[in-house]
Amino acid sequence: MEALIFIFSLVDCCALIFLAVYFIITLSDLECDYINARACCSKLNKWVLPELVGLGIVTALMLISMHWFIFLLNLPVAAWNLYRFVTIPCGNMGVFDPTEIHNRGQLKTHMKEAMVKLGFHLLCFFIYLYSVALALSHEK
């Protein structure tokens, strides 16, 4: 059962890595003026909730299965994503708003955040991979 939890977490982490790379590519396209702000924000806002759900499920799984270290590792990132989703200002299109993305250096902030998330998910990927191998070796 423990191996299945880590296998699911590994697959979910792969999806989150691809999503972080997609965010980086889309934001860099906006930075280079390959797409306009409205198209960029529309693309990115579509994936904010699935990212939140994916990270929330893994965090809840680690809490339920009592893997405290991994739960505490995921908790700040999940809480940050939830905070950003809940505190969207009234009138904005979503977490990424085309009228504000070029103001106050938000584009650079979003790009840094996407890079940090990519690094975090890569770290988690290797932790989950090690945990799968450990869980499978203990099941025999």
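## Helix H1 against helix H5

In which sense, left-handed or right-handed, does H1 cross H5? In this predicted model, the crossing in which H1 passes H5 is left-handed. Helix H1 spans residues 2–31 and helix H5 spans residues 106–139, and the two pack with their axes 8 Å apart, at an angle of about 160°. Because angles over 145 degrees count as roughly antiparallel, H1 is described as roughly antiparallel to H5.

The contact of H1 with H5, when its residues are sorted by class, holds 27 that are nonpolar, along with five that are polar and four that are charged.

## Helix H1 against helix H3

H1 also has a described packing with helix H3, which covers residues 48–64; here the axes come within 10 Å and cross at roughly 155°. That angle makes H1 roughly antiparallel to H3, and the crossing in which H1 passes H3 is left-handed. H1 is thus roughly antiparallel to H5 and roughly antiparallel to H3.

## Overall build of the chain

The chain contains five helices and zero strands, so that, from the N terminus on, its elements read α-α-α-α-α. Along the principal axes, the C-alpha atoms fill a box of roughly 55 × 30 × 20 Å. Of the 140 residues in the chain, 44% are buried.

## Aromatic pairs

Four aromatic pairs are present in the structure. One of them joins Trp68 and Phe71, whose ring centres are 6.4 Å apart and whose planes stand at 85°, so this pair is edge-to-face. Both residues belong to helix H4, which runs over residues 68–86, and they are three residues apart, about one turn of the helix.

## A charge over a ring

The ring of Phe96 has the charged end of Arg84 sitting over it, at 5.6 Å from the ring centre. Phe96 can also be set against a residue of helix H5, namely Ser137: these two residues are 41 apart in sequence, and their C-alpha atoms are 44 Å apart in space. Ser137 itself is partly exposed, with 47% as its relative accessible area.

Although Ala78 and Gly56 are separated by 22 residues in sequence, their C-alpha atoms are 6.0 Å apart in space.

Technical notes: Residues are numbered from 1 along each chain as its sequence is written. This is a predicted model: local features need pLDDT of at least 70, side-chain atom pairs count only at pLDDT 80 or more; totals for chains, interfaces and linings use all residues. Side-chain values use heavy atoms; hydrogens and water are left out. Rings of Phe, Tyr and Trp (its six-membered ring) pair if their centres lie within 6.5 Å; planes under 30 degrees apart count as stacked, over 60 as edge-to-face and the rest as tilted. Helices (H or I, at least four residues) and strands (E, at least two) are DSSP runs, numbered from the N terminus. A charge sits over a ring if NZ of Lys or CZ of Arg is within 6 Å of the ring centre and within 35 degrees of the ring normal. Axes are lines fitted to C-alpha atoms, for helices over the stretch in contact, and angles run from 0 to 180 degrees between N-to-C directions. Angles under 35 degrees count as roughly parallel, over 145 as roughly antiparallel, 65 to 115 as roughly perpendicular and the rest as oblique. A crossing is left-handed if the near helix is turned anticlockwise from the far one by less than a right angle, and right-handed if clockwise. Ala, Val, Leu, Ile, Met, Phe, Trp, Tyr, Cys and Pro count as nonpolar, Asp, Glu, Lys and Arg as charged, and the others, Gly among them, as polar. Buried means under 20% relative accessible area, exposed over 50%, partly exposed in between (1.4 Å probe, protein chains only).
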